[in-house]
Amino acid sequence: MHVQEVWHWLAAIYLFLGGLGAGAFLVAAVVELTGERYKQEFCPITLVGSTIAGPAVGIGAFLLVLELGAGLREPWRIPYMFTHFTSVMTWGIWILSLFVPIAFAYGFLEVMDTYPKAWIWVTGKLRFKVLKRLPVRRLKRIMAVMGSVFALATGIYTGVLLCGVGPAIPLWSAPLWPGLSIPLLPILFLVSAISTGMGLTIDMTATISQPETHRRFHSLPVIHMTAIGLEAILVGLLLYSANSLGGAGAMSVNLIASGHMRTVFWIGFVATGLVYPFAVHAYAIGAGKHSIASGIGSGVGIVFAGLMLRYLILTSGMPPVL
Amino acid sequence: MGEKISRRDFIFSTLATGALFAAGGGASAVAGGKTSSKVPLKAKYALIIDTTICAGCGACRDACHQRNDLPEGMSYIRFCAQDEGQKCLPVQCQHCADAPCAAVCPANATYHTPQGVVLVNTKLCVGCRYCEVACPYQARRFNEEVGVVDKCWLCLDYVLSGDKPACVQACILGARIFGRQDDPDSKVSQLIDSGRAKPLHPEFGTDPAVVHYIIE
């Protein structure tokens, strides 16, 4: 029994940051494009979501470059990585390269929009007067749409990267259901990305700075619980589907559920990232209010579990026995 | 100014995103087109490993390590433990016709020669190791000293000058048979055509073209 030894915790962090940044951006974009952003001066959801997205994915991409062998010593080889479109990694590099600038631009505009004095200061420092007349709100909407396309692509890409190895790691390419040819991991990683994005922007941030957020958006806890529930179902399906493959797939499931990784799985992921947040949100609906401690606690748990999920899947991947 | 996005802005944003995708695809098609990896229909050579003769002595593994001047403990040949009857299974790059390592490489560093041998252009490799994790035979090796991934290259310099790969020369029991697959009278062709020598785990779908195994 031997797990893959190629990609470790650094890759787990990079995949996690990609998902978190994409999810945070998507949440901010939805709030922006539905007009909810402008019902108040200060919207912590869009502020945090938009400013975290670019740096999170950017740092993740930087970590990817750090992982390269010859690529670091001979950086002129890196442009070649943009050329081979049969490779999912090439697709990913394009998606990240386009998403990160858009996310940074959107984050910058959101900060300027939230703090008009900062915008006045910045445009005062710049020589081009035309910037003072920039249609900030219009630009933000355009960035939100474009960025959302790339954010979705980023969220899906992290899963496609892993299942792209096909028969080499059965756990990663397990289908949605035995016999189907739809891979499960891209769906799971996208749902996880959205869930961690919501955990960060809503649970962790809005709960602190604007506790009335939950009162105003009654559907938020329900949406959150749906995402958590969906993630739970997809993880269950992954274990079932991989186990049905037998061989290395079944051995990977064994490792996760009852073997070496069981503590990380049951405590670090299931309890912290699924059961606790779900229970806390259900209680909040019943009690009619959200407490600050449970809001932050739930958010931290979801974000932490997002990292644990990627770490688990990476380190439990096993090649087939020959 | 309304708070929801206008139809015009939405259409513009979507078209701009599409244009970016198209530009990316176009640029890569132009750049990637120069180094296409056209897969030949059949490999010219075959390397047959007779596991009924192999004793697992490791001479082939050591010869490969020496020939390629690899770091301590590294070889492009490894031995897989078998439970049912066979003593040992030496595994190396199978030189697949549908090589996943060639497809997943973002830098297009892995390619097929006209003889159907899969090679790595180590001057393009960035060391991302995607090929290493994508090979179902786990045949690829990351060389930490140079930061690139390489593998069995069939000692193509020996082969093209009429000689045999180092591992074949090193096997004193005669468990490794090398020859021309495009010659129907060769020993390897006879073993393959009779069905005695078969690809390993064809269900992986990678179509191993060069390496075949006699299992019983």
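**Strands, helices and chains**

Tutor: In chain B, strand β1 (residues 45-50) and strand β10 (residues 211-214) run parallel and are joined by four bridges. Strands (E, at least two residues) and helices (H or I, at least four) are DSSP runs, numbered from the N terminus. This is a predicted model, in which local features need pLDDT of at least 70 and side-chain atom pairs count only at pLDDT 80 or more, while totals for chains, interfaces and linings use all residues. Residues are numbered from 1 along each chain as its sequence is written, and chains are lettered from A and ligands numbered from 1 in the order in which they are written.

Student: Which residue stands opposite L47(B)?
Tutor: That is V211(B), in β10(B).

Student: In what order do the strands of the open sheet in chain B come?
Tutor: The order of the four strands is β8-β1-β10-β9, with mixed pairing. Two strands pair if DSSP finds at least two bridges between them. β8 (176-180) and β9 (197-198) of chain B are the edge strands, each pairing on one side only.

Student: Now the chains: how many residues of chain B are in contact with chain A?
Tutor: There are 49, and they touch 43 residues of chain A. Contact means that the C-beta atoms, placed from the backbone, lie within 7 Å.

Student: Which element of chain B gives the most to that side?
Tutor: α1(B) does, with 13 residues.

Definitions and conventions. Two residues are in contact if their C-beta atoms, placed from the backbone, lie within 7 Å.
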